[in-house]
There are 2 protein chains.
Amino acid sequence: MPGGDLHLANVRTADGARTEIVVKAGRIAALGTDADGAGATRIDGNDDLVLPALVDSHLHLDKSMVGLPWHPHAAGPDRTSRIETEKRIRDNLPLSVATRAGNLIERLVVHGTGHCRTHVDVDPELGLSSIEGVLEARERYRDAVTVQIVAFPQSGVLACPGTIEVMEAALGAGADLLGGIDPAGIDGDIDGQLDLIFTLAEKHDVGIDIHLHDGGETGATEVAAIVERTKAHGMQGRVAISHGFCLGDIAECDADRLIAAMAETGVTNVTHAPGGSSIPPVKKMHEAGVAIAAGNDGIRDSWCPYGDGDMLERAMLIGWRSNFRTDPDLELAHHFASQGGADLIGISDYGLEVGNRADFFTIPTETVAEAVVRYPQRSLVVHGGRIVARNGLYEGTA
Amino acid sequence: MPGGDLHLANVRTADGARTEIVVKAGRIAALGTDADGAGATRIDGNDDLVLPALVDSHLHLDKSMVGLPWHPHAAGPDRTSRIETEKRIRDNLPLSVATRAGNLIERLVVHGTGHCRTHVDVDPELGLSSIEGVLEARERYRDAVTVQIVAFPQSGVLACPGTIEVMEAALGAGADLLGGIDPAGIDGDIDGQLDLIFTLAEKHDVGIDIHLHDGGETGATEVAAIVERTKAHGMQGRVAISHGFCLGDIAECDADRLIAAMAETGVTNVTHAPGGSSIPPVKKMHEAGVAIAAGNDGIRDSWCPYGDGDMLERAMLIGWRSNFRTDPDLELAHHFASQGGADLIGISDYGLEVGNRADFFTIPTETVAEAVVRYPQRSLVVHGGRIVARNGLYEGTA
């Protein structure tokens with residue numbers, strides 16, 4: 001893993017322009033065909049496209065079984081069965097949370113992801129154990145990926161007494177945000193769960209990211225309640241709704257009202273392009289001013305067997321579900337998996353510009369659109385100016 | 001491309017059993033841990049899974065722009081615009097149909113596909129030119145893949161006078177089946193189109209495969225009409241409905257009646273797991289006795305920019321859209337992309353058994369389910385006993 005200055009030659013940017021990139025002290029020092037790479041290690045980009053690091057805005061690093069023998073999916077077809085099955089399995093896994101999270105981080109990195117937001121389970125039974133495991137992995141992989149942690153009440157807040165106290169303790173331990181989950185579907189008390197979470201978030205001055213699977217009118221009522229509280233607590237721009245399937249299955253006029261309200265209060269939608277549920281109308285939402293980000297969600301865990309940590313595959317799924325075919329539409333799917341996530345997580349020095357962090361990857365495709373529809377193996381992945389993966393193999397710290 | 005005897009050592013079959021495979025004269029001569037490979041070229045399978053060749057049951061080899069510079073999608077969002085746009089583009093492409101079809105065939109082969117059914121456009125303007133191009137590619141790649149050709153009236157039959165005559169000429173030139181397309185949506189005359197096609201099919205004793213995009217009650221009426229004619233013309237087991245989106249968007253009780261009728265008459269459904277339309281309930285249909293096959297449909301053409309010819313990615317999409325998570329469900333998605341297609345196309349000596357054609361591939365996954373959700377690069381692809389691809393690179397004839 002070379003840590004010195006780099007000179008990436010013979011690459012093309014998203015607009016098709018030929019460029020060279022010179023990296024010094026972890027940042028982009030020069031860009032363009034006349035960039036001076038004297039003294040830096042020269043790497044030939046083989047005419048690949050170079051793109052800023054991908055951003056995975058919704059992960060579950062603590063749940064993944066990457067690195068373990070194949071576990072056939074064991075849960076029934078409903079949310080409650082998945083929660084119960086996970087509890088039964090998690091205590092008997094032969095690898096620690098930190099090791100499994102690290103294994104998945106390495107998969108993210110080889111696919112060019114440089115920044116991620118992970119939800120991590122907290123409940124009175126787990127206490128802070130999963131949070132601590134992910135914190136350990138975050139520290140170990142700090143030179144390969146940025147990890148933002150959401151204290152996530154998987155089993156509910158009111159439905160699982162004692163959880164809100166563990167969530168508060170998680171913030172003290174190093175978690176960055178508070179999570180939530182289906183205030184109606186899991187807790188049966190929309191106001192009850194949201195009041196607890198928003199009050200705690202305001203007290204600690206942290207953001208919120210709420211899992212919302214509830215569909216139809218129930219989900220719509222929850223979206224409206226989240227928007228209301230975002231305003232009431234002065235948290236504009238700091239709240240996200242993950243999933244929000246309801247936005248894709250309610251009447252269009254009702255969805256339009258919620259979309260306008262989300263845009264006005266800066267409530268982000270994070271999608272994983274569900275296959276079996278409706279997907280929110282992300283293009284329309286984007287055009288209406290709603291910030292959209294994208295995440296892989298569960299990867300090889302008790303919830304979901306799919307995936308290998310590739311945010312370009314996820315952009316493909318978003319495009320596929322949204323019927324995107326034109327280049328601008330495919331570029332929008334890529335935007336959700338890159339700049340949209342950087343905006344959500346708050347990576348201020350993101351993007352291929354001089355002075356920004358040197359977080360980027362190269363890929364043998366002609367255009368961004370082709371990278372979305374075909375997502376071949378990344379050739380080179382650079383994070384903070386260091387090479388962390390090459391041709392599908394992880395080369396970073398571990 | 002070694003054409004002699006092969007001894008593939010150190011692989012595992014779908015049931016997890018360790019095995020060796022000995023290939024002689026293009027067929028599987030021995031299977032099992034005690035298979036005698038004396039005299040054959042030994043290849044180490046590196047503990048990979050070995051699976052029978054994938055089958056792509058719905059392709060458009062003539063339309064693909066694989067091998068050309070990236071073409072941004074140029075059509076509007078409706079079927080008519082796509083048909084018109086394609087006509088505008090196809091005459092000015094710098095590579096012939098045969099070359100483009102061959103380029104896509106090489107992508108199929110590196111992903112382990114050994115057999116495919118392609119629809120090929122015919123109309124009075126094109127005449128047999130696209131059919132002849134695909135026939136040329138079929139001949140050139142005959143040692144790498146089996147190609148079955150459907151004479152496909154992309155612009156309609158009644159809506160495009162003279163097409164039925166070209167379809168009949170295509171059968172004389174080497175096409176294997178007759179196609180059809182939305183008798184209501186394109187021709188505006190369900191009986192008119194179906195009568196022409198079924199009469200011609202019966203006359204020439206060939207099968208039928210009809211594109212059915214029409215949704216809702218219109219599509220349901222067409223499915224019923226196709227089933228009726230299948231019976232009337234004694235074509236049980238020789239008719240397929242490609243797409244059939246309507247089966248996923250009509251009332252369940254209506255769909256159930258159609259599904260029972262399809263099962264009774266042996267009408268196959270071929271799905272590509274649409275992202276923006278409803279997918280037929282393929283698991284329920286399979287359980288009801290309907291034969292299901294799967295295909296990639298358009299790959300990098302005027303209709304669709306997605307895909308690279310990988311039927312395991314397609315199995316993933318079928319699973320994703322169908323909410324498949326358990327191993328048996330993921331194996332079912334794989335079944336549609338393998339045995340289901342072999343049944344449709346009529347590959348009688350298909351599968352990993354002694355005496356059958358040596359058409360198989362190896363993949364570094366633990367289980368079939370993992371191959372579906374992660375679909376990594378195929379290590380080795382063998383067709384008719386010859387190595388035709390290795391580690392993503394085509395090695396067959398061309």
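Two strands are said to pair if DSSP finds at least two bridges between them. That definition is needed for the sheet described below, which belongs to chain A of a predicted model. The sheet is open and has 8 strands. Chain A also touches chain B, with 26 residues of chain B in contact with 26 residues of chain A.

**The sheet of chain A**

- The strand order is β6-β7-β8-β9-β10-β11-β12-β13 in chain A, and the pairing is parallel.
- Strands β6 (54-59) and β13 (292-294) of chain A stand at the edges with a single partner strand each, so one side of each has no neighbour in the sheet.
- From one strand to the next, the twist averages 25°.

**The pairing of β12 and β13**

- Strand β12 of chain A covers residues 267-271 and pairs with β13(A) in the parallel sense, over 3 bridges.
- Asn269(A) has Ile292(A), in β13(A), as its bridge partner.

**A helix on the sheet**

- Helix α3 of chain A, residues 129-140, packs on the sheet and touches β7 (113-121) and β8 (146-152) of chain A.
- The direction of helix α3 makes about 165° with that of β7(A).

**The side of chain B that touches chain A**

- In the contact between the chains, 26 residues of chain B meet 26 residues of chain A.
- Helices α9 (311-321), α10 (327-336) and α12 (368-374) of chain B each supply at least two residues of this side.
- The largest share, 4 residues, comes from α12(B).
- By type, the residues on this side of chain B are 11 nonpolar, 8 polar and 7 charged.

Methods. Residues numbered from 1 in each chain as written. Chains lettered and ligands numbered in written order. Predicted model: local features only at pLDDT ≥ 70, side-chain atom pairs only at ≥ 80, totals over all residues. Axes fitted to C-alpha atoms, helices over the stretch in contact; angles between N-to-C directions. Contact = placed C-beta atoms within 7 Å. Nonpolar A, V, L, I, M, F, W, Y, C, P; charged D, E, K, R; others polar.
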